[in-house]
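Welcome! Here is a short tour for anyone meeting this structure for the first time. Please have a look at the sequence and the model, then read on.

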Amino acid sequence: TPGNVAKRVNVPTQYGWLLAAGRAVPADSLLRLAGTLSIDPDTGHPASPQTPPWRGPILWPFFATGLRGRLLIDRLTVRDAAQISGTSAATVCRASNGMVVNVSSFLRLSRFLRHHPNEWAVCADSPPAPKVFHEFSPLKQRIPA
């Protein structure tokens, strides 16, 4: 059953049932379920060899950076991006600030950015980013009198 599949991949069971009924689920859950079932989350068809594999949860700040970069490179306003992508300006603004957006907006913005939705996921077994410490920050140094 859809609930059992969702439970097997550590997704709430109601999301499996909602997805089976064609209803919206959180974007991370959609990518996880689609990856498990070998379904392309963008098209809903069986995944082809060209479909990037699901790697882990969506890295929303990375998605925001890609969106802001596209706006800068193409010299688009938030309203222009909203019109082209088929979302609202508020959604584009939220996404460009790294906030979570609903699954349909995420899919539309991924198409706008010309990237597959799975490409915004972070690898689950990748090592954490190294921490860099600066002992002498220019802001903390005293200015000689």
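Ring pairs join Trp60, Phe62, Phe63, Phe106 and Trp120 into a cluster. Here, rings of Phe, Tyr and Trp (its six-membered ring) pair if their centres lie within 6.5 Å; planes under 30 degrees apart count as stacked, over 60 as edge-to-face and the rest as tilted. The model is predicted, with local features needing pLDDT of at least 70 and side-chain atom pairs counting only at pLDDT 80 or more, while totals for chains, interfaces and linings use all residues. Residues are numbered from 1 along each chain as its sequence is written, and side-chain values use heavy atoms, leaving out hydrogens and water.

**The aromatic pairs**

- A pair of aromatic rings is described by the distance of the centres and the angle of the planes.
- Searching the whole structure turns up 5 aromatic pairs.
- One of them is the tilted pair of Phe63 and Phe106, with 5.2 Å from centre to centre and 55 degrees between the planes.
- Phe63 belongs to helix α4 and Phe106 to helix α7, so this pair ties together parts that are 43 residues apart in sequence. Helices are DSSP runs (H or I, at least four residues), numbered from the N terminus.
- Both Phe63 and Phe106 are buried. Buried means under 20% relative accessible area, exposed over 50%, and partly exposed in between (1.4 Å probe, protein chains only).
- Phe63 also pairs with Trp120: the ring centres are 5.1 Å apart and the planes are at 85 degrees, so this pair is edge-to-face.
- Trp120 is buried, as is Phe63.

**The nonpolar cores**

- In soluble globular proteins, nonpolar side chains tend to be buried together.
- The largest nonpolar core has 21 residues, and those with the most contacts inside it are Ile58, Trp60, Phe63, Leu67 and Phe106. Such a core is a set of buried Ala, Val, Leu, Ile, Met, Phe, Trp, Tyr and Cys residues joined through side-chain atoms within 4.5 Å.
- At least two residues of this core come from each of α3 (27-36), α4 (60-73), α5 (78-85), α6 (89-96) and α7 (103-112).
- Helix α7 gives the largest share of this core, 5 residues.
- Apart from this core lies another, of 5 residues, among them Val5, Ala6, Val9 and Val11.
- Trp60 is in contact (heavy atoms within 4.5 Å) with Ala27, Asp28, Gly98, Met99, Val100, Val101 and Phe106, leaving aside its neighbours within four places in sequence.

**A closer look at helix α4**

- The 14 residues of α4 should span 20 Å at 1.5 Å a residue, and the end C-alpha atoms are 20 Å apart, which agrees. The expected span is 1.5 Å times one less than the number of residues.
- Buried residues of α4 are Trp60, Phe63, Ala64, Leu67, Arg70 and Leu71.
- Seen down the helix axis, the buried residues of α4 fall within an arc of 125 degrees, so they line one face of the helix. The arc is that of the directions from the helix axis to the C-beta atoms.
- These buried residues pack against α3, α5, α6 and α7.
- Turned away from the buried side, the other face of α4 carries the exposed residues Pro61, Leu72 and Ile73.

**Three arginines**

- Arg70, in helix α4, counts as buried at 13% relative accessibility.
- The charge of Arg70 lies over the face of Phe112, at 4.3 Å from the ring centre. For this, NZ of Lys or CZ of Arg must be within 6 Å of the ring centre and within 35 degrees of the ring normal.
- Arg70 touches Phe112, Leu113 and Arg114, not counting residues up to four places away in sequence.
- Arg75 sits in the loop between α4 and α5 and is exposed, with a relative accessible area of 76%.
- Phi of Arg75 is near 55 degrees, a positive value in a residue other than glycine.
- Arg114 lies in the segment after α7 and counts as exposed at 62% relative accessibility.
- Phi of Arg114 is also positive, near 60 degrees.

**Around Val5**

- Val5 is part of helix α1 (residues 2-8) and counts as buried at 17% relative accessibility.
- Val5 touches Leu33 and Leu37, not counting residues up to four places away in sequence.
- The C-alpha atoms of Val5 and Thr36 are separated by 8.4 Å, although these residues are 31 residues apart along the chain.
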